[in-house]
Amino acid sequence: MIQSDKIEEIIYSSDLISRDLSWLKFNERVFDQILRERRNIFEKFKFLAITASNLDEFFMIRVGSLYNYLDYDKVRVDYSGLREDAFKMKLMIECQNFHRKQQEIFLQELLPKTEEAGLILSNVKNLREEEQSIIKDYFFKAVYPMLTPMVFDGYHTFPILMNKLLIFGVITISEGDKKDNRKLSFVQIPSNIPRFFEVERENGTIFVPIDEIIREHISSLFRNVTIEHINLFRITRNGDFTLEESEDMDTNFLEEVKRKLNERKTGRVVRIEIEEGYSKWMINLLKERWTISDDSIFKIPRKSLMDFTGLWQVIGNKRFKDKIPATPNPIPPLSYPDAATEDIFQVLKHKDILLHHPYNSMEPILDLLDKAVDDPSVMAIKMTIYRLAKNSRIVNALLRAVENGKHVSVLFEVKARFDEENNIREAKRLQKAGCFVIYGVSNFKTHTKLMLIVRKDENKVTRYVHLGSGNYNEETSRIYTDIGLLTTNEVLANDVSEFFNVITGHSVPSTYQNLLTSPREMRRSLVEFIEDEAEHARQGRPSGIFIKINSLEDSEFIYALYRASQAGVPIKLIIRGICCLRPGRKGLSDNIEVISIVGDFLEHSRIYHFHNNGKHRTYVGSADAMVRSFDKRLESLFRVEAPFLEKQLMNIISFNLKDNVNSYVMQEDGNYISKQPGENGEEFNIHTEFFTLTPEQIYGVKLIE
């Protein structure tokens with residue numbers, strides 16, 4: 001095995017940064033929000049829960065993917081230059097360090113401040129006698145009937161233990177048995193039992209973890225035997241899979257998706273979280289059973305809490321509903337100030353509307369769709385759907401549209417990770433009602449966000465189009481920053497119509513005018529734009545590249561940026577999450593700056609802006625600069641040419657670069673430093689500034705002086 005100092009040397013010598021190590025740095029930036037003095041304990045609980053949820057997904061998908069190589073002896077060389085075994089060693093060291101930080105902040109900083117905030121996390125023994133009686137009654141009436149001890153011995157097979165559930169491993173000995181004849185039983189806590197039992201007091205709410213309640217009464221499940229040891233643990237299973245889609249898209253394909261979803265429940269174990277003081281006999285048995293090593297075992301202090309995602313129940317308690325600062329009410333879009341009084345069909349005939357969520361609400365999109373559903377002049381509605389809200393207004397509107405006799409075509413991406421089951425269910429509802437439903441396209445994930453409404457106006461047909469960077473999800477539109485365009489622009493309407501023909505039929509368009517699509521020409525076009533900027537710089541003309549995305553991982557795209565930097569192009573990148581580019585390396589990327597913005601809203605919009613010697617190219621859409629976005633997904637970026645709307649997009653970039661409250665500056669070694677307010681101490685927080693934006697601020701925006 002390579003020594004740790006040699007591993008660090010190999011990592012730093014690479015011109016690219018590991019995708020997985022970069023992702024862990026992103027979770028550290030989320031964790032940093034817990035350290036901010038301006039945040040109260042409920043906000044800190046929220047960010048701790050988010051880091052825990054993020055880490056669960058990281059182990060399921062990214063560590064799961066790594067095990068796909070390790071388990072089958074496949075070669076994998078990470079961007080860091082490390083092979084699979086050395087890389088796993090580095091990855092687990094980083095994960096263990098992060099896990100310790102989570103536990104320390106909870107035990108040392110957050111837990112001591114809970115009582116003054118009106119909440120207490122308590123075990124059963126610390127409660128009043130009457131409260132203990134209430135909990136005992138709750139256990140035997142509501143919890144006990146749902147628990148099933150599952151023994152593992154010579155007569156019983158090893159039970160299937162579920163992903164991300166809290167599990168008790170109970171070691172028992174029957175009277176007269178020898179110690180080496182002990183038995184191990186498992187008791188899983190069902191996911192539909194609340195994480196905490198809540199006890200209301202006059203001065204606050206007590207939250208008693210369900211595992212503490214079960215621990216207190218677990219002997220009732222094991223009568224007439226001696227309990228030698230009780231161990232609480234939790235496992236994370238590999239959730240990464242690749243769909244090999246069949247030719248029969250209507251039946252076999254859906255069955256394949258369902259089969260793969262079931263495999264998630266029994267995928268190989270990639271992590272064990274277990275409370276300290278565990279039985280070495282049990283952990284050795286589990287390690288052997290699941291072929292897992294010590295570096296994948298994460299120890300939880302007995303006084304701590306296993307699975308911080310359970311803190312969402314505390315945050316959501318009605319007593320504390322006002323403790324998370326409220327988001328300001330959305331403001332009207334600058335390009336559509338009279339939204340409440342004007343007919344959106346008539347408005348869009350004369351001008352485009354740019355939406356910037358959550359500062360602008362999703363109502364104009366929903367309003368357009370609702371009006372289209374009930375308008376007898378509307379003939380067809382076509383949409384792509386990736387993720388939906390619960391009780392989605394979108395689905396309900398489409399169902400009404402079918403009832404009203406309109407043609408409705410919907411592409412449901414049933415491979416949207418962790419939303420597969422919901423998407424299959426909603427797609428079947430629409431299909432049963434009479435919609436033309438497509439379940440994905442061939443081997444590609446459809447990630448693009450498009451809507452097309454065809455309306456007959458007098459003697460002509462007008463196409464109303466929405467293109468965006470975010471999902472058609474009313475819930476996330478209030479917390480994700482996204483860009484959307486509503487337009488009747490004929491060029492874009494033609495492009496979108498062609499694109500729908502591709503994904504719903506069997507068409508190969510020759511070209512699009514204002515749409516870049518993948519897996520066809522998106523990477524090639526973007527790289528050409530970068531190379532054009534490099535040529536402008538070499539010829540002494542003004543140049544500049546400004547990109548705001550979620551992730552930057554594609555090596556061809558990155559090396560094009562490196563070449564542009566070497567040609568003298570100033571490059572500013574705003575990348576929320578993964579960034580595999582190494583900025584500020586002498587002779588390679590001197591002219592590249594990278595910032596990440598993490599704060600109250602999740603930055604989700606994608607904007608690509610190229611100065612192009614003053615003849616700007618500005619594109620918005622659903623695609624990040626990742627291999628999967630360019631090669632494995634149906635994606636789109638659309639060009640915004642209307643001068644005022646383009647200036648709005650430039651202003652978004654300008655504000656992002658100016659932010660000094662939520663911004664982190666990436667260093668050459670892949671670490672990030674929090675940007676500090678200027679010498680005068682003034683703060684600029686984009687998550688509040690966009691709520692007060694005026695047209696006057698837009699007109700004067702410049703990215704290149």
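Is arginine 617 buried or exposed, and what is its relative accessibility? At 16% relative accessibility, arginine 617 counts as buried, where buried means under 20% relative accessible area, exposed over 50% and partly exposed in between (1.4 Å probe, protein chains only). Welcome to the close-up views. This is a predicted model, in which local features need pLDDT of at least 70 and side-chain atom pairs count only at pLDDT 80 or more, while totals for chains, interfaces and linings use all residues. Residues are numbered from 1 along each chain as its sequence is written, and side-chain values use heavy atoms, with hydrogens and water left out.

**View A. Aspartate 532 and arginine 617 form a salt bridge.** Their closest N and O atoms are 3.0 Å apart; a salt bridge is a side-chain nitrogen of Lys or Arg within 4 Å of a carboxyl oxygen of Asp or Glu. Aspartate 532 sits in helix 15 and arginine 617 in strand 24 (residues 617-621), so the pair links distant parts of the chain, 85 residues apart. Helices (H or I, at least four residues) and strands (E, at least two) are DSSP runs, numbered from the N terminus. Aspartate 532 is partly exposed, with a relative accessible area of 30%.

**View B. Helix 15 packs with helix 16.** Axes are lines fitted to C-alpha atoms, for helices over the stretch in contact, and angles run from 0 to 180 degrees between N-to-C directions.

**View C. Asparagine 360 lies in the loop between strand 10 (353-357) and helix 11 (363-374).** Asparagine 360 is buried, with a relative accessible area of 5%. Its side chain reaches the backbone oxygen of isoleucine 331 at 3.0 Å. Leaving aside neighbours within four places in sequence, the contacts of asparagine 360 include Pro330, Pro332 and Leu354.

**View D. Asp56, Arg234, Arg271, Glu273 and Asp307 are linked in a network of salt bridges.** The count of salt bridges comes to 54. Elsewhere, the side chains of glutamate 84 and arginine 83 meet in a salt bridge at 2.8 Å, N to O. Glutamate 84 is buried at 8% relative accessible area, whereas arginine 83 is partly exposed at 42%.

How values were computed. Polar contact = N/O pair within 3.5 Å; in protein donor to acceptor, adjacent residues only side chain to side chain. Contact = heavy atoms within 4.5 Å.
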